[in-house]
Amino acid sequence: MRLKQLELAAFRGFKEPTTIRFGTGFTIITGRNGSGKSSICDALEYVLTRHLSRFGPTDVEGGERIDDYIWWRNGARSANRQVKAVFDLDDGTVGERTATPTGIENTFDQSLFYDKRPQVSDPFSLLSQTMLIRDESIVKFSTDLPEADRFDFFYRAIGLTDLVKIEERANTLVKQLGRRMEELEKDYRQRRESVAQIISEISEARTIAARATAFDTVALQQRLTILTGLPPETPLRQVAAGVARTLTDQRSRIGRLERLSADLSQSRSWLEELRRFEDKRDAVKASLDTGESSLKEAATLRIAAGEALRQAQARNLRLGALAQLREQGMRIGLQNGHCPLCGSSISSTDFDAHLKEIQELISAENQALAELTAQEASRTAEYEQRRNEYQSRSIEYSRAMSDCETLKAAMAQLQNQALLLGVKLEAPSIESELLETRRRVAELQSGLIQLEGSSAFDRIADLEKQRAIAQAEVEQITKQIDVLSKAAQNAKSAADTTKRVSWESVDDCLAALSPLLSELFVRLKPHMDYSEVRYHMRGDVKRFLSFEIGHGINPRFTFSSGQRRALGIAFLLAVHLSRPWCKFPTLVLDDPVQHIDDYRALHFAEVLSSIRQLGHQIVCTVQDPALADLLCRRLRSASIGDGLRIEMQYEAGAGARVKDVQEIGPLPERVLMSA
Amino acid sequence: MRIIEEARNVLENYHYIVSSRGEGMLQFEDETLLGFIGELSLESLLGTWSRRQDDFLRSNSRTLGNSALKAWNVYSVFLSSDIPDEAARKSIIAIEEDFRASRKVVLAGVQTTADVIRALYPLIPIQNIAALETSDSLLKLQGRLSALPLAAVDVLLRDPSSNESILKSFQEAHEIKTT
């Protein structure tokens with residue numbers, strides 16, 4: 001299968017419909033920058049993939065990306081936009097593959113491009129990537145590319161992507177199964193708790209059932225309905241509930257009776273105490289009455305004393321004036337036998353006697369006033385004392401009265417309690433009722449046990465069913481856990497195994513590829529001191545592929561840009577020549593010799609020639625016409641296909657166009673003279 | 001090993017017309033390339049390579065002149081079994097980088113057939129085409145996974161529609177085995 005021609009319409013740099021023919025052996029395309037050389041290579045990639053891989057998804061500028069520039073966009077949009085590739089098929093027929101803005105159409109079986117076994121995921125992208133060697137890919141997939149990306153490229157190129165998917169699938173399974181296991185383990189624990197709870201309930205029910213004995217259901221029902229006061233036809237289940245209620249009531253009654261009995265026993269001392277309280281009350285009352293009389297008497301005396309004091313005080317006021325007169329009389333003295341106060345004729349002796357008498361009267365009155373004041377104070381103090389005593393006795397009396405009333409109320413309450421319990425407030429009556437109530441309780445208790453025992457058998461049966469269901473669920477979950485555990489183990493094992501197999505496959509492929517890479521390295525001679533190149537693989541989780549020249553020398557940091565490119569070309573050519581799945585062996589190179597000197601460009605031409613000799617069709621674009629001529633001279637070989645030299649040109653306003661096509665015919669078969 | 005005889009075998013194997021040009025010398029030609037090979041001592045090689053090239057061109061000047069294009073594809077190949085020292089190695093590189101008149105291929109220290117083939121790389125097709133057979137990877141993987149239930153292996157190896165469906169199928173594959 002060979003590329004016959006490309007028909008481009010409004011694609012990339014081509015405005016007008018243009019046909020590019022290809023030689024069955026080789027085609028060398030030359031032209032200046034922008035003349036359409038790379039657009040031809042783009043067209044070949046686009047017709048295979050409808051994508052241009054040299055522009056990544058992150059190549060966005062001003063919101064635009066390469067998809068906006070696939071088709072010619074200078075001026076009016078052409079109605080006919082397409083790229084058509086025409087192929088010479090091995091059966092002698094011609095096949096076409098056409099890419100338009102809306103899709104791809106193929107007139108022949110796509111499997112002619114690649115082998116179906118092993119299935120290569122996204123085969124056209126891979127085919128394009130390994131068929132088309134261009135400046136970007138030389139840099140991207142050669143020594144300038146990180147080791148991990150180089151590994152991935154090689155991995156995909158040799159068609160091992162399925163193993164990666166299988167490994168990813170297995171790892172995803174491991175995670176999913178792990179999560180599912182956790183859920184099931186949780187479910188298992190919950191179900192087990194449920195089973196344990198049911199078993200515990202069964203055990204309790206069995207204990208209850210064990211207490212039950214054979215009994216006459218009808219007689220028991222009659223007796224229990226009597227004891228509980230329920231109608232005789234009440235069903236047993238309701239009777240059980242009634243018995244439980246009655247039992248509660250009767251137990252409460254026992255408690256109340258016991259308290260009444262105890263209180264009654266204690267009430268005997270209460271009567272004596274009441275009598276003591278009453279005696280005390282009466283004594284306090286008598287004392288209170290006496291105190292009251294005494295208080296009244298003290299009050300009377302106090303009032304009388306007060307009155308006498310007031311009268312004395314009034315007299316004392318008058319005596320004050322008299323004392324002043326006396327003082328005047330004494331100071332003036334008798335005036336010619338006459339009293340200086342009243343003028344009456346009086347003797348000196350009488351006058352002095354009168355003054356003395358007045359003095360004595362005043363002294364006596366003062367004495368009396370002092371005594372009356374003291375008496376009034378004494379009477380008041382005594383009154384206060386008696387009043388306090390009276391008040392104290394009143395309080396004591398109130399307390400005594402309260403104590404008596406409290407005891408009487410307690411005794412009345414006892415009486416009331418006895419009345420409520422339907423017994424006399426007498427010990428024999430209470431004891432008798434207690435005995436009777438206890439007997440009823442025992443009878444009810446026994447009956448209840450019989451009834452519970454009867455229902456316990458039913459409950460056990462129900463619980464056993466529940467247990468069987470729950471246990472079956474547990475068993476089911478256990479089986480699921482076993483299955484999941486095994487599955488998870490196998491998934492992990494599969495992931496590890498797949499990783500190992502893929503590693504081995506890559507290693508095998510690299511080992512198989514190594515002589516070819518070495519040969520290409522020798523042929524291209526990137527460095528005069530290093531004639532060997534080796535590969536290294538490393539990494540477990542992330543895998544890396546690196547090169548080594550000499551002993552431990554990394555060419556990435558040793559080679560010049562041109563030398564690295566030569567090594568990159570060697571690697572890409574080795575991959576291209578080693579694709580086991582590819583049935584379309586055309587090699588397309590887009591200006592691969594940038595930054596490479598003439599000496600190595602010659603080596604490159606020789607390498608292309610050696611690939612030509614294998615029968616591969618070669619398409620190569622170069623900017624330098626002299627290099628194009630060199631390639632045409634070295635690649636020509638009539639017996640393995642003809643050659644074309646195409647010169648491209650950019651015409652202002654009209655886009656890229658073919659300027660010249662030159663058939664490269666065979667050279668003279670025999671030149672050398674016989675020696 | 002006689003280098004010149006090995007070289008003849010190699011070239012004839014790739015359909016070159018090969019003829020002798022005297023002791024230790026061959027000339028060859030195919031549809032595209034032509035030239036000569038000389039087996040020399042290192043000393044002779046370094047001393048006479050230019051003269052030998054000129055002799056070859058002179059002796060074929062008439063026919064080369066009639067085929068100007070093919071005259072661009074003339075190879076002068078000099079081989080020696082002598083091991084070169086550093087000075088000789090530099091001289092050899094200088095000879096190879098001399099583009100005058102013909103493309104020079106010089107290799108010293110030629111000891112084996114592989115060395116001869118390596119020297120003649122510019123004249124012959126790619127030699128070490130790798131047969132990267134990866135189709136057995138899946139078979140190998142299937143063999144390694146033989147301890148797993150067949151259905152589980154099938155689930156792993158086929159393209160699943162979704163992670164959930166593959167989980168279900170993988171689980172079912174183990175249920176089948178355990179029941």
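Analyst: Strand β4 (residues 74-80) of chain B is mostly covered, with seven of its seven residues buried; strands here are DSSP runs of E of at least two residues, helices are runs of H or I of at least four, and both are numbered from the N terminus. A residue is called buried if 20 or more other C-beta atoms lie within 10 Å of its own, exposed if 12 or fewer do, and partly exposed in between, the C-beta atoms being placed from the backbone. The cover extends to both faces of β4(B): B:Val74, B:Ser76, B:Phe78 and B:Ser80 are buried on one side, and B:Tyr75, B:Val77 and B:Leu79 are buried on the other.

This is a predicted model, in which local features need pLDDT of at least 70 and side-chain atom pairs count only at pLDDT 80 or more, while totals for chains, interfaces and linings use all residues. Residues are numbered from 1 along each chain as its sequence is written, and chains are lettered from A and ligands numbered from 1 in the order in which they are written.

As for partners, two strands pair if DSSP finds at least two bridges between them. Strand β3 (residues 34-39) of chain B runs parallel to β4(B) and is joined to it by six bridges, with B:Tyr75 of β4(B) as the bridge partner of B:Gly35. Strand β5 (residues 103-108) of chain B also pairs with β4(B) in the parallel sense, over six bridges, and there B:Phe78 stands opposite B:Val106. Between β4(B) and β5(B) the chain passes through helix α5 (residues 86-96) of chain B, in a β-α-β crossover that is right-handed, meaning that, with the strands pointing away from the viewer, the path from the first strand over the helix to the second runs clockwise.
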